[in-house]
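Me: Please take a close look at the aromatic pairing in this model. I would like the geometry, the exposure of the residues involved and the setting in the chain.

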Amino acid sequence: MWTNGWIWLIAALVLAAVELFIPGWAFMGLAAAVGIMGLLLVSGVWSAGLPLTLIVTALLSAVVWFALRRLIGGSKGDVRIWDRDIND
C-alpha cells in the first residue's frame, strides 16, 4: 500500500492544502518532497521499502524547505539581526 505513488501524490495535495491554512513553509516543503516521492513511485524509478522511502522523503523535505527559504526569503515580520554597524 505505501509503495503506491498515487497515495503519496494525494498526501502531497493534502499537505499543500494544510499550508494554505497554517503558513510557515514547513508543510510546503513536506508537500513538495512527498509529491516528488509520489512521482518517483508512480514512474517506477523508486522501489525501496517504506523505511528508506520515509528517510529519503525527510531529507528531500529539508532540501526543499531550505531552497524555498533561500529563493523566496522570509516574511516582512522576521527579526533582523545586524552583525555590523552601518557607520563603519
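Reply: The count comes to one aromatic pair, where rings of Phe, Tyr and Trp (its six-membered ring) pair if their centres lie within 6.5 Å. The ring centres of W65 and F66 are 5.0 Å apart and the planes stand at 75 degrees, so the pair is edge-to-face; planes under 30 degrees apart count as stacked, over 60 as edge-to-face and the rest as tilted. W65 is partly exposed because its relative accessibility is 29%, while F66, at 54%, counts as exposed. Here buried means under 20% relative accessible area, exposed over 50% and partly exposed in between, with a 1.4 Å probe and protein chains only.

This is a predicted model, in which local features need pLDDT of at least 70, side-chain atom pairs count only at pLDDT 80 or more, and totals for chains, interfaces and linings use all residues. Residues are numbered from 1 along each chain as its sequence is written, and side-chain values use heavy atoms, with hydrogens and water left out.

As for the setting, the chain has three helices and zero strands, these being DSSP runs (H or I, at least four residues, for helices; E, at least two, for strands). Of its 88 residues, 24% count as buried. The C-alpha atoms fill a box of roughly 60 × 25 × 20 Å along the principal axes. Among contacts with a separation of 6 or more, 59% join residues 24 or more positions apart, a contact meaning heavy atoms within 4.5 Å.
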